[in-house]
Amino acid sequence: MGQSNLRKPLIVGNWKMNKSICSAEADFLDISRRTRPCAKVLEIGVAPVSLHLSTLTQRRGQHMGVFSQNVHWEAEGAFTGECSARMLKDINVTGALVAHSERRQMNAETNITAGQKIRALADQGLGIIYCVGETLSERESGTLEQVLRSQIAEALGAAQLRDLSAFCSHPRTCTFSIAYEPVWAIGTGKAATEKEAQQAHRFIRSCLESLTSSAFAERVRILYGGSVKPANIGSFIRQSDIDGALVGGASLDPASFEALCASAAETASF
Ligand code: PGA
């Protein structure tokens with residue numbers, strides 16, 4: 001299991017571009033009710049489309065986070081289709097995903113724009129889930145570590161974070177997280193093995209350690225993402241550097257997300 005004394009596991013459902021406003025609201029309330037018993041041992045959230053954020057934050061009880069799937073780094077201006085960290089904060093959003101691989105592939109997100117987004121979120125005191133991960137060809141050509149190192153180093157360089165302790169004001173719930181999502185495992189049904197994931201997470205933590213401090217690196221939650229299901233979440237959570245999950249497909253159905261959270265909670269409380 002992850003270092004529970006320092007890092008409360010975090011499970012976030014990434015709904016991507018799915019659900020009508022009615023089903024988003026109904027499913028959010030259903031998930032809130034179903035996962036309440038897990039809240040002692042887990043932090044739980046969902047990331048709906050931006051159009052639905054405000055409805056969900058107004059229906060939000062104590063234990064559920066609501067994350068944006070994206071954010072822009074500027075506060076306002078001529079950026080058609082975007083919204084800023086300050087606007088997310090205005091509607092009480094918990095934080096945002098940054099540089100999900102689908103956005104890296106389809107919306108030209110880079111490590112540098114990711115860093116600018118991280119900075120904008122940090123300035124507003126919002127949570128960050130920074131997504132990293134290699135493609136299949138990068139893994140097969142042996143460049144996994146190089147790819148992960150530059151994703152982290154370049155983004156942190158661009159973010160120029162001054163006060164890392166601001167992320168760690170609550171015990172066990174550091175608001176800066178990294179999601180390790182191998183691109184080849186996303187939406188494919190072919191998850192990484194727990195050993196592959198643990199190795200990558202360990203490496204990510206060592207990068208954080210050398211780029212920031214060991215105290216900060218020990219507090220950052222590193223989530224695994226890529227075909228996480230109720231049946232495999234336990235084996236991931238059991239690993240010492242896996243502190244939760246970013247879940248796509250299996251978070252869309254409230255019963256499946258409940259089963260996944262229940263299994264994670266059971267493993268985490270062992
Ligand atoms: P998946 O998606 O669980 O459907 O593989 C994960 C993600 O894209 O965050």
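Arginine 34 and glutamate 258 form a salt bridge, with their closest N and O atoms 2.5 Å apart. Arginine 34 sits in helix 1 (residues 21-35) and glutamate 258 in helix 11 (residues 254-268), so this pair ties together parts that are 224 residues apart in sequence. Do keep in mind as you look at it that this is a predicted model. Arginine 34 is partly exposed, at a relative accessible area of 25%, and glutamate 258 is partly exposed too, at 27%.

**Other salt bridges**

How many salt bridges does the structure hold? The count is 18. Here are three of them, starting with the pair just described.

| Salt bridge | N to O distance |
|---|---|
| Arginine 34 and glutamate 258 | 2.5 Å |
| Arginine 139 and glutamate 134 | 2.8 Å |
| Aspartate 243 and arginine 205 | 2.8 Å |

Let us take the second row next. Arginine 139 is partly exposed, with a relative accessible area of 23%.

**Around the ligand**

Now for the ligand. There are 13 residues around the ligand, and those that come nearest are Lys16, His100, Glu181, Gly187 and Ser227. By class, this shell comprises 4 nonpolar, 7 polar and 2 charged residues.

Side chains reach oxygen atoms of the ligand in several places. For lysine 16, an N or O atom of the side chain is 2.6 Å from a ligand oxygen. Glutamate 181 likewise has a side-chain N or O atom at 2.6 Å from an oxygen atom of the ligand. For histidine 100, the distance from a polar side-chain atom to a ligand oxygen is 2.7 Å. How much of the ligand's accessible area does the protein cover? On its own the ligand has 290 Å² of accessible area, and the protein covers 96% of that.

Conventions:
Residues numbered from 1 in each chain as written. Predicted model: local features only at pLDDT ≥ 70, side-chain atom pairs only at ≥ 80, totals over all residues. Heavy atoms only, no water. Salt bridge = Lys/Arg side-chain N within 4 Å of Asp/Glu carboxyl O. Helix = DSSP H or I, 4+ residues; strand = E, 2+ residues; numbered from the N terminus. Buried < 20%, exposed > 50% of the residue type's maximum accessible area, 1.4 Å probe, protein only. Near = heavy atom within 4 Å. Polar contact = N/O pair within 3.5 Å; in protein donor to acceptor, adjacent residues only side chain to side chain. Areas by Shrake-Rupley, 256 points an atom, 1.4 Å probe, with all protein chains shown as cover. Nonpolar A, V, L, I, M, F, W, Y, C, P; charged D, E, K, R; others polar.
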